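Hi everyone, thanks for coming.

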Amino acid sequence: MAEETKTSAVKAPKLADPMEASIEVSTQEMIRRSHRLQVETVFDRAVTMKPCAIGMQGICCKNCAMGPCRLPLPKEGIVGEDTRKGLCGATANTIASRNFSRMVAAGAAAHSDHGRGVAEVFLAVARKESKDYTIKDPDKLIQIAPYFDVATTIEVDGKTQDRNIDEIALGVAEAAIKEWGKNEGNLAYLKRAPKPLYEKWEKEGVLPRSIDREIVEIMHRTHMGVDQDYKNLTKQCTRASLADGWGGSMIATDLQDVMFGSPSPLQSEANLGIMKADHVNIIVHGHEPLLSEMIVAAAQSQEMIDYAKEKGAKGIQLGGICCTANEILQRHGIPTAGTFLQQELAIITGACDAMIVDVQCIFQNLANVAKCFHTKLITTHPIAKMEQDNVIHIQFDEHYAMQDAKRIVKMAIDNFLNRGADVMIPQHKATQIAGFGVESIQYHLGGTFRGSYYTLNDNIINGRIRGIAGVVGCNNARTQHNSEHITLIKELIKNDVIVLTTGCSAIACGIHGLLTPGAAAVHCGPGLAEVCETVGIPPVLHLGSCVDNSRILLAATEVVKAGGLGKDICDLPAAGSAPEWMSEKAISIGQYFVASGVYTVFGYHMPLEGAPVFKNHLYKEMEAIYGGKWDCEADPIKHAHKMIAHIDKKRKELGIDKARDRVLMDMADRQKLEAEA
Ligand code: BF8
């Protein structure tokens, strides 16, 4: 009896409320199913584990064994002199800026190490050491070669001839790989930025030297007892983040395009409902397309399709999670299974025969979830293994890429027979058009005959399009899944702001139906709707994965080049946003957006509240240096209106604010006339 009482007194763990956890129906359904099956997910853990209040303020220093030193902001705020200090005397500004810098370093390292992997494979391709990868976009190779000082033509008998593409590839590969560790000069791609921006970086002394060096230097400067000036640390954050955005990420994007093809708009579907009960379901999750490209090829091979049929399946359904999803969507139209926060849920369907992961944004809890189902969880990257014993590691070797990919796909097919009867695939999915790149935007909004972003600029100048927003980044279990992305983006397009999106934000837009031309009539203001309907594009353009934020930098540069909207990125009526950010990569992206002249608003919170002086440096003083600055706003509507206010300020500075008033008046008049007719 006593035992019974004891047992009944044990509190049931608190569980997430599905409606509070997500605005997305299939996610809500799968959270309910996880509760029925007693499988814990991130949504439940977010209810039971609260974040550390001092860490949230950014002022916990654990960089040496005298700490952690915690410097909470007094409840009444700072009255008089701020006397808070750690054992070594580090101030709140030093601690918060060190923590911020280490986030930049980790984020830049993640993107850039991805880029290094791509560059290494490209070098193997150029040296003819890797037979499974080829050059699919030679035009892009020729386009980027001059930035690496690689000639694309040669003189023969006094005549200029095109150079052999293999020689160009080898030259680019050898030069690109040096960007990580060269000892002299600056990064090759910095000169792609508008001239005034480049000159600003040069004057400030923040031109990155090599990618690895800037990341290593952050780790040195933030070691105990080194850099104790938050402004000097922020400068190094700028170097490392530019080495990411205009270096590692941009090289990754370009070389991926060269090897796997540059994206052009294609139609697909998004959400967990893309999984099929009668197919072998393979989910690829992570970031590097080196692996996923081969999995796509293997899964689409007749050999594997026949093998799946032999095992009783009707075929093979591939789906992506996180940025791998964006990579295989933009180049092959492979449907997207979900965002970052849906990774556990894909397994909880009971229909996931294999989940194949590489690097970044992969929950360790996937292994615990997979244990409850038949799912094979396969890690593939030497730097990203899991300790749980149900996880299979198959190291992916690019020299045997197809062989490895077929082995993995075959394992998934064999596992189809082990699938239990308790399967529940949510019946929700949406059509999406994805795969816009710098070149395809030019085609749709500029026209090849002009070779520029002329039409886009024209529509911004005449006011139909109020401005441009880059909305990117993650989900965060501390905010309602997808809610901030979708509310914010709908508010932006309602106010005639065209949205460029990447990462999990892009996936969320696909799931919620914003990536179709039809979304324009439903959600856009009259000016943007008219442009989208005329040109036949969605109001939200999917530009790829998080390394593809480099495409947003280059698209902004093209807008500057097309003319009429100032001379630098900071002159444009444009703003950036990461409304549900959680990753250190997002901080690196934010810093290079800001240092490239973009007003950048993050949602949720920033770990800066405990160091108001450092916060002021990021939120105000950076603007005087680079033309861009940080901001934070958790409420998505207010967040949108901060961006719109900035866009309007820039329109006014450009002298194009009146044009928009006229367009809107014309449109209203037209509607009135139509109503009267
Ligand atoms: O690099 S948006 S949750 S998947 S970090 Fe991760 Fe964030 Fe998604 Fe892609 Ni980017």
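Let's begin where Phe100, Met103, Val104, Ala106, Gly107, Ala108, Ala110 and His111 of α6 meet Glu584, Lys585, Ile587, Ser588, Ile589 and Gln591 of α25; contact here means heavy atoms within 4.5 Å. By class, that contact has 8 nonpolar, 4 polar and 2 charged residues. Ala, Val, Leu, Ile, Met, Phe, Trp, Tyr, Cys and Pro count as nonpolar, Asp, Glu, Lys and Arg as charged, and the others, Gly among them, as polar.

A quick word on the source: this is a predicted model, where local features need pLDDT of at least 70 and side-chain atom pairs count only at pLDDT 80 or more, while totals for chains, interfaces and linings use all residues. Residues are numbered from 1 along each chain as its sequence is written, and side-chain values use heavy atoms, leaving out hydrogens and water.

How do the two helices cross? The axes of α6 (residues 92-126) and α25 (residues 584-595) come within 7 Å and cross at roughly 95 degrees. Axes are lines fitted to C-alpha atoms over the stretch in contact, with angles from 0 to 180 degrees between N-to-C directions. The helices are DSSP runs (H or I, at least four residues), numbered from the N terminus. So α6 and α25 are roughly perpendicular, a term for angles of 65 to 115 degrees.

Now, the lining of the largest pocket has 14 nonpolar, 8 polar and 5 charged residues. Its largest share, 4 residues, comes from α4. At least three lining residues come from each of domain 1 (92-260) and domain 3 (433-676), with bounds from an automatic or database domain assignment.

Definitions and conventions. Angles under 35 degrees count as roughly parallel, over 145 as roughly antiparallel, 65 to 115 as roughly perpendicular and the rest as oblique.
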